[in-house]
Every structure is written in C-alpha cells, then in structure tokens.
Amino acid sequence: MTIALVQHAVSPASTPRVDRGVRAVQAAADAGADLVVFPELSFTPFYPRVPVAERRRSALDLAEPVPGPTTEALAEAAADGGVVVVFNLTPVAG
C-alpha cells in the first residue's frame, strides 16, 4: 500500500481549499497512492488560535453537512483516482 500525506496551507475562502485538496488527491493518485491522508484542519481555518471572546463567529459556523460540498468534491476525486481519502471535518449536528 502506498500512502500519500498531504500538507498545504489553508486559504481564507473555502472553495480554494477544497480545489487544492482535490488537486492533491489527483496528484497523489497519479503518483501511485492508494491512500491519501490530510492533516487536521486542512479545510477550515485554524480557529483555536483566536480566543473565543474575540471571534466574529463560532467555530460551529464552520460546520457543514455530510454529504456536503467538501465531502462530495473529495469523494468524487477519490473515486476518479481509485484512492481512499482520510480527512477531518466538523459536521453539522443533526
């Protein structure tokens, strides 16, 4: 099994983050990876660095539904590349 570990900076907007993640999955699959692993907080800003009292929004505002835009984009990239992708995401509580 070949494992690809992805390291990338988190941009302020969610679309570039997800697009960059999709490209990373594609590149890893093209390089022969079977498993693509992203580090914690790859698709959300590092919200713990801002004290709770100083936040303009709650960290829960970063949550998204599953399935949702991030999971759908990465699932499609994984299926296209024939790889398994592991990443974390704060899901909306149902």
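Apart from neighbours within four places in sequence, Val84 is in contact (heavy atoms within 4.5 Å) with Asp34, Leu35 and Val36. The model is predicted, so local features need pLDDT of at least 70 and side-chain atom pairs count only at pLDDT 80 or more, while totals for chains, interfaces and linings use all residues. Residues are numbered from 1 along each chain as its sequence is written, and side-chain values use heavy atoms, with hydrogens and water left out.

Val84 lies in strand S3; strands (E, at least two residues) are DSSP runs, numbered from the N terminus. The C-alpha atoms of Val84 and Val25 are separated by 9.2 Å, although these residues are 59 apart along the chain.

Strand S3 belongs to an open sheet of 3 strands with the order S1-S2-S3 and parallel pairing, where two strands pair if DSSP finds at least two bridges between them. Because S1 and S3 (84-86) each have a single partner strand, they stand at the edges, and one side of each is left without a neighbour in the sheet. S1 and S2 (residues 35-37) run parallel and are joined by 3 bridges. Ile3 has Leu35 as its bridge partner in S2.

Met1 is located in the segment before strand S1 (3-5). Met1 counts as exposed because its relative accessibility is 77%, the cut-off being over 50% relative accessible area (1.4 Å probe, protein chains only).

Note on methods
Helices (H or I, at least four residues) and strands (E, at least two) are DSSP runs, numbered from the N terminus. Buried means under 20% relative accessible area, exposed over 50%, partly exposed in between (1.4 Å probe, protein chains only).
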